[in-house]
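Biologist: I would like to learn how to read a model of this kind, going from a single residue to the way the elements pack. Could you take me through it step by step?

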Amino acid sequence: MDLLTGAWSNSPIIDQIFEIPDDFAKDINSWQNLLSPENAQVVVDEFYKCKVFNRSFKTDLKITSYRDRSLEKWISISGAPVKAATGDIRFIRGTIQDISDRKAFEKEIEKLSLVAKRASNCVVITDPELRITWVNDSFLRLFGIYRDW
């Protein structure tokens, strides 16, 4: 983003991630239409810190498609200040990556972890050498073991 003019540009993949139409005006105000109000504020705050404190940022955000607000996606956005010849921060250059698949995988792992933890049957997880790395509470109760933590 050009901090002097407010204009921003991006690669075609960003248009695909957000489903941005060809006639979308890419200016200081328009990008906020691509995010929920709370996430727009997160990005505003990160841009502010980047500009004022000369600090890079990276954060994950849930977004919705520009064309279909019911379609949720996850992105990882990062940015870094770019100085002009005068030493002033003139641009914020960054990347956006679609991490929807990763977030779905993390959610599935969390769900499976909860099932294993709360199962009434004993659950034992071992490493490739068959050393026990984790057991659930049912296993501990069956063998009369108590956690130290």
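Predicted model: local features only at pLDDT ≥ 70, side-chain atom pairs only at ≥ 80, totals over all residues.

Biologist: Is Thr59 buried or exposed?

Modeller: The general idea is to compare the relative accessible area with a cut-off, and buried means under 20%. Thr59 has a relative accessible area of 17%, so this residue counts as buried.

Biologist: Which residues does Thr59 touch, not counting those up to four places away in sequence?

Modeller: With those sequence neighbours set aside, Thr59 touches Val42, Ile75, Ser76 and Ile77.

Biologist: In what order do the strands form the sheet, and is the pairing parallel or antiparallel?

Modeller: The 3 strands form an open sheet in the order S1-S2-S3, and the pairing is antiparallel. Because S1 and S3 stand at the edges with a single partner strand each, one side of each is left without a neighbour in the sheet. From one strand to the next, the twist averages 30°.

Biologist: How many bridges join S2 to S3?

Modeller: S2 and S3, which run antiparallel, are joined by 9 bridges, and Pro81 stands opposite Ile92 in S3.

Biologist: Which strands of the sheet do the helices H2 and H3 touch?

Modeller: Helix H2 packs on the sheet and touches S1, S2 and S3, with its direction making about 160° with that of S1. Helix H3, residues 100-118, also packs on the sheet with contacts to S1, S2 and S3, and the direction of H3 makes about 125° with that of S2.

Biologist: How far apart are the end C-alpha atoms of helix H2, and what should its residues span?

Modeller: The reasoning is to count 1.5 Å times one less than the number of residues. For the 17 residues of H2, residues 37-53, this rule gives 24 Å, and the end C-alpha atoms are 24 Å apart, which agrees.

Biologist: Which residues of H2 are buried, and where do they fall when seen down the axis of the helix?

Modeller: The buried ones are Asn39, Ala40, Val43, Glu46, Phe47 and Cys50. Viewed down the axis of H2, they fall within an arc of 125°, so they line one face of the helix. These buried residues pack against strands S1 (57-64), S2 (72-83) and S3 (89-98), whereas the face of H2 turned away from its buried side carries the exposed residues Pro37, Glu38 and Phe53.

Biologist: What follows H2?

Modeller: Asn54 follows H2, and the phi of Asn54 is positive, near 55°.

Terms used: Residues numbered from 1 in each chain as written. Heavy atoms only, no water. Helix = DSSP H or I, 4+ residues; strand = E, 2+ residues; numbered from the N terminus. Buried < 20%, exposed > 50% of the residue type's maximum accessible area, 1.4 Å probe, protein only. Arc of directions from axis to C-beta. Contact = heavy atoms within 4.5 Å. Pairing = 2+ DSSP bridges. Axes fitted to C-alpha atoms, helices over the stretch in contact; angles between N-to-C directions.
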